[in-house]
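Welcome to this guided tour. Open the structure in your viewer, keep the selection tool at hand, and follow along stop by stop.

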Amino acid sequence: MMKHLISIAIASTLLVSCGGAKTTTAKTDKFDYTVEQFADLQILRYKASGFEDLSLKQKELVYYLTQAALEGRDILFDQNGKYNLRIRRMLEAVYMNYQGDKETSDFKNMEVYLKRVWFSNGIHHHYGMEKFVPNFSKEFLKQAVLSIDTSLLPLAEGQTAEQLCNELFPVIFDPAIMPKRVNQADGEDLVLTSACNYYDGVTQKEAEDFYNVLKDPKNETPVSYGLNSRLVKEDGKIQEKVWKVGGLYTQAIEKIVFWLKKAEAVAENDAQKAVISKLIQFYETGSLEDFDEYAILWVKDLDSRIDFVNGFTESYGDPLGMKASWESLVNFKDLEATHRTETISSNAQWFEDHSPVDKSFKKDKVKGVSAKVITAAILAGDLYPSTAIGINLPNANWIRAHHGSKSVTIGNITDAYNKAAHGNGFNEEFAYSDAEVQSIDKYGDLTDELHTDLHECLGHGSGKLLPGVDPDALKAYGSTIEEARADLFGLYYVADPKLVELKLVPDADAYKAEYYKYLMNGLMTQLVRIEPGNNIEEAHMRNRQLIARWVFEKGKANKVVEMVKKDGKTYVVINDYQKVRELFGELLAEIQRIKSTGDFEGARNIVENYAVKVDPVLHAEILERYKKLNLAPYKGFVNPKYELVTDDNGNITDVTVSYDEGYVEQMLRYSKDYSPLPSINN
């Protein structure tokens, strides 16, 4: 629950036009940051600047870790839905082997659908969670499937191509079947109504009861129950199928372990070697105690230049917020840019002590807060193609309290967003006046970075649970509350005079750019990511609307923030920036109270009242205004390609990196070279 995702407002200067009307190709130092655009997506590249300056041993380490990262791709597809691998492989077989006319609208629309499946690691939107609507006919796809060699299709044993179509077509074409990957609608059985593949044959109550029995309220160092397993009911008995070597997903995990052992042999130091060794042990045993030991070792390894995340990490994809999706990020420290985050983390105790939350919910002593700016070398799993711009791990509250956490801002990803952006007209369309546009132009990039740093470095690491409070007490609302808590911490402090004192901002007015963009986004512009008629499902979007709507409502009597009409268009106006900061502080105190006490009803009430519902009239207006800009609301990336260079004796002499691979080319290569799982994983 510790990702910081880029928002529409943050991305307002990062969006590049899509569609046929106008396009922009960004080139800086002859590096082409843009790849292609389709549907509501734009594909970018990022540059691993500084890789060439690493030592040969460090390059080799990066190479092995990237291989381990790519081997987990199939795991996420299967976690996101039990039919995803078969659908992807069927569509890929048609795409590569169809002998009919590939210029028809049916084939072209199937191609876009496949590109979306690749992007979302399944058939549901990566952000909105709703199932894609195919713009090609069943008849076309059936004819195409039946026309190719059956050996190319993901058939079950004894299954015919026609039977494969009969099994998969309802999943693809029927809007009533598996409509949402993660359902968060209050009052419904969130397990039974979610298409994700973390549960099979169990209800929400059965799942919650199963894990409640395992938990000991007196245990101050609990494992993260359910983190690395699928919960199933077989022969009337509920049990876990653990993701490990010899268990579920073993074919992929064995490959991951193979490359991790290669990485272990070239580790930078003993501490890093111990981290990799313990991660291998966790994959081999599936023991959550081993996972916690790995997390502690990872937090304590502060000297290594190369770092990585590999494994079952974030729980956004589970409607109950317990089971973790697979992801990986291989990176190395940006030594120059890290100065900013080190300044923030070195003052962590000051920020904790001066927080507006109740003293009983504060940490007496902030431990082990480390922060750095990193250069991503590879993105994988739930961080690919769409990625966070900042991460704070580990997630276990007791590890964070006793051993600390690592916070990172992914510098080359935000740089790629910035470099790919050219005068798209977003701010001019949605900001109220030239004053706001000029403030954003002058301070926006800086305050974006600082808000991300404060969110990741300090926000997630602040506060504490009271003794005996279950870390999962907030259930389906936990992710939204946690993200709101971290965002509010960052918002409150980005306006603090302490940042001027630390020379992190040039003057006392810089924060206003972040405040305006955040409220504009939470109240209006993030709605471009919502389909007409839908409510808000995704945790980060709920968090942003919760904060913006709460501040708007609480300050309404004094017109602290207004929604005004000008030339028939709606705009956000902030009349009292200091009062906005006070309201952020009041909400932070309440959100921390909910978190610290495990107040489920408090979480439920504040989320349902402020974070979920969408004004249909405003929504329609925002969609219409946005449509005219020809922009893509979502971004994702293709990865660099790393290759070993060897001499005549097979000795590694270098590792090269290239950036010329296209989106389709990369996806098909990954499906060919990094796809060890069977099509059906039970």
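Two strands pair if DSSP finds at least two bridges between them; helices (H or I, at least four residues) and strands (E, at least two) are DSSP runs, numbered from the N terminus. Strands of a sheet pair through backbone hydrogen bonds, either parallel or antiparallel.

Before you start clicking, note that this is a predicted model, where local features need pLDDT of at least 70 and side-chain atom pairs count only at pLDDT 80 or more, while totals for chains, interfaces and linings use all residues. Residues are numbered from 1 along each chain as its sequence is written, and side-chain values use heavy atoms, with hydrogens and water left out.

**Stop 1**

Select residues 199-200 and 237-242, which are strands E6 and E8. They belong to an open sheet of 3 strands, in the order E6-E7-E8, with mixed pairing. E6 and E8 stand at the edges with a single partner strand each, so one side of each has no neighbour in the sheet. Can you find what stands opposite Asp200? Which residue in E7 stands opposite Asp200? Look for Val232.

**Stop 2: a hairpin**

Next, select residues 641-646 (E17) and 652-658 (E18), which pair in the antiparallel sense over 6 bridges. Thr646 stands opposite Ile652 in E18. The two strands form a hairpin with 5 residues between them, and Gly650 in the turn has a positive phi of about 85°.

**Stop 3: aromatic rings**

A pair of aromatic rings is described by the distance of the centres and the angle of the planes. Rings of Phe, Tyr and Trp (its six-membered ring) pair if their centres lie within 6.5 Å; planes under 30 degrees apart count as stacked, over 60 as edge-to-face and the rest as tilted. By this rule there are 42 aromatic pairs. Show Phe31 and Tyr33: their ring centres are 4.6 Å apart and the planes are at 65°, so this pair is edge-to-face. Buried means under 20% relative accessible area, exposed over 50%, and partly exposed in between (1.4 Å probe, protein chains only). Phe31 is buried, at 8%, and Tyr33 is buried too, at 4%.

Move on to Tyr63 and Tyr64, with centres 5.9 Å apart and planes at 70°, so the pair is edge-to-face. Both Tyr63 and Tyr64 are buried. Then select Tyr198, Trp243, Tyr249, Phe282, Tyr283, Phe291, Tyr294 and Phe312 together: they form one aromatic cluster.

**Stop 4: charges over rings**

A charge sits over a ring if NZ of Lys or CZ of Arg is within 6 Å of the ring centre and within 35 degrees of the ring normal. Select Arg88 and Phe77: Arg88 lies over the face of Phe77, at 4.6 Å from the ring centre. Likewise, Arg581 lies over the face of Tyr492, at 3.9 Å from the ring centre.

**Stop 5: a serine in a helix**

Select Ser596, found in helix H21 (residues 577-597). Is Ser596 buried or exposed? Its relative accessibility is 0%, which counts as buried. Leaving out residues up to four places away in sequence, Ser596 touches Phe361, Lys464, Leu465, Leu466 and Val469, where contact means heavy atoms within 4.5 Å.

**Last stop: zoom out**

Finally, show the protein with its 24 helices and 18 strands. Buried residues make up 61% of the 682 residues, and the C-alpha atoms fill a box of roughly 70 × 60 × 60 Å, taken along the principal axes.
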